[in-house]
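Please find below some notes on the model shown here.

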Amino acid sequence: MADEKIQVLLADDEDPLRMTIAAWLGDEGFAVDEAADGVEAIKKIQGKDYDIAMLDIKMPGANGLEVLRYARKNSTQTEIVMMTGMSDVSMAVEAMKLGAKEYLTKPVDMDQLVPQLKAIIKKRDADDRIRKLQAEHTARLLYDLHNPISGLRQSIGYLMKGMAGSIGDHQKELLGYMTTSIDKVIALLNDMMDLTKLEGGRVRLNKGIASLASTVQTVCQEFRVPIQSTNITMDVHAEEDLPPLEYDQEKIEQVLHIFLSNAIAHTPPQGAIVVQVRKVAIVLEEGRPPTEHVMVSVFNSGEGIPAEELSLVFDRYRDLVAGQKKEVSMSGLGLIISQRIVEAHNGKIWAESEVGKGATFYFALPIR
């Protein structure tokens with residue numbers, strides 16, 4: 001950051017104040033873009049990554065709090081500084097609760113402005129370095145655990161094949177139990193490594209233009225054979241003429257695998273899974289108009305999820321077993337991984353359920 005200009009978005013409907021601050025910051029080496037109202041500010045954020053967004057609280061079109069909510073969801077690296085008159089201090093406090101880093105009262109003290117902005121960026125960069133170091137340490141630890149456990153799994157396989165001498169039925173049974181337990185540990189470690197990469201920002205999306213309906217059909221076909229032995233039916237419905245989307249096909253396939261694996265695990269014999277792909281209009285921000293998305297839903301006819309637990313299904317520290325099937329044990333990390341992937345696509349993910357009536361998991365990707 002030391003060799004690059006700090007990118008600033010300055011949004012204020014008072015032209016003289018905005019131009020004065022922009023000129024001052026420009027002279028101090030900042031790269032400044034201006035917006036005369038909240039709607040223009042949102043458009044600017046959509047098209048560019050900023051280090052700092054300075055937002056007036058009261059603006060036409062969309063006020064500063066609305067722009068703040070949008071930025072916090074869609075431009076997480078952008079630090080927000082609110083500008084307010086003395087009469088709007090309560091709104092500034094609300095902005096701090098929503099994630100703003102600082103608020104400045106008008107008239108802005110120009111002599112203090114530059115040090116304040118630089119201090120905000122310095123702290124952000126320091127926090128980023130700490131998070132990356134923590135993620136790298138965790139990744140190394142998980143890798144160090146994964147290798148010997150995988151080696152142990154392989155050694156047990158050799159024993160079961162009799163490569164170290166004959167073994168009896170009782171020994172085979174014990175080794176089989178050990179294999180099952182080790183497979184669960186390996187699956188958990190794989191999930192944890194995936195989540196660590198996603199949260200550490202070390203996984204980049206490899207986006208391309210593709211049909212989400214075709215991707216869903218391909219993944220569902222992979223599950224046809226596994227569910228035959230369980231007498232579970234799976235129906236797949238996709239609207240015709242859905243628009244192509246820009247997404248990372250491998251990552252979205254991973255989300256679909258997680259959704260379908262969970263659905264199978266929680267669907268009783270003779271039960272049903274229904275997968276749908278359709279175009280919908282979704283309101284992502286309160287007070288904003290709906291935007292078009294292609295939505296995928298996966299319903300399973302299991303026992304459903306209690307209302308008090310439904311809001312926790314995407315909580316990484318919540319171990320939830322939908323349908324109360326005690327023989328199924330999951331870390332729940334798969335859904336967290338799905339959430340990170342979908343949100344990285346600026347999409348939305350959620351779940352709906354009622355006890356005794358099954359559960360439906362959804363994700364939606366925006367139509368550009």
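**Notes on the predicted model**

1. Leaving aside residues up to four places away in sequence, L175 touches I156, L159, M160 and I167, a contact being heavy atoms within 4.5 Å. L175 itself belongs to helix α6 (residues 169-199); helices (H or I, at least four residues) and strands (E, at least two) are DSSP runs, numbered from the N terminus. L175 counts as buried because its relative accessibility is 10%, where buried means under 20% relative accessible area, exposed over 50% and partly exposed in between (1.4 Å probe, protein chains only). From M234, 59 residues apart from it along the chain, L175 is separated by 34 Å between C-alpha atoms.

2. On provenance, this is a predicted model, in which local features need pLDDT of at least 70 and side-chain atom pairs count only at pLDDT 80 or more, while totals for chains, interfaces and linings use all residues. Residues are numbered from 1 along each chain as its sequence is written, and side-chain values use heavy atoms, with hydrogens and water left out.

3. As to the chain overall, the secondary structure comprises 11 helices and 12 strands. The C-alpha trace spans about 85 × 45 × 40 Å along its principal axes. Of the 368 residues, 41% are buried. Among contacts between residues at least 6 apart in sequence, 69% join residues at least 24 apart.

4. How far apart are the end C-alpha atoms of helix α5 (residues 110-160)? They are 75 Å apart, which agrees with the span of 75 Å that its 51 residues should have at 1.5 Å a residue; the expected span is 1.5 Å times one less than the number of residues. At the start of α5, the backbone nitrogen of D111 has a side-chain oxygen of D109 within 3.1 Å. After α5 comes G162, with a positive phi near 80 degrees.

5. The loop between β5 (102-105) and α5 contains P107. The peptide bond leading from K106 to P107 is cis, its omega being near 0 degrees.

6. Helix α9 (residues 249-265) and helix α11 (residues 333-344) have axes that come within 9 Å and cross at roughly 150 degrees; axes are lines fitted to C-alpha atoms, for helices over the stretch in contact, and angles run from 0 to 180 degrees between N-to-C directions. From α9, K251, I252, Q254, V255, I258, F259 and N262 meet G334, L335, I337, S338, I341 and V342 of α11. The residues of this contact divide into 8 nonpolar, 4 polar and 1 charged, with Ala, Val, Leu, Ile, Met, Phe, Trp, Tyr, Cys and Pro taken as nonpolar, Asp, Glu, Lys and Arg as charged, and the others, Gly among them, as polar.

7. D241, in the loop between β7 (233-238) and β8 (245-247), has a positive phi near 60 degrees. D241 is exposed, since its relative accessible area is 78%. N346, in the loop between α11 and β11 (348-353), has a positive phi of about 60 degrees although it is not a glycine. N346 counts as partly exposed, at 30% relative accessibility.

8. H266 and H345 lie 79 residues apart in sequence, and their C-alpha atoms are 27 Å apart in space.

Note on methods:
A polar contact is a pair of N or O atoms within 3.5 Å; within protein, one must be able to donate a hydrogen and the other to accept it, and residues adjacent in sequence count only if both atoms are side-chain atoms.
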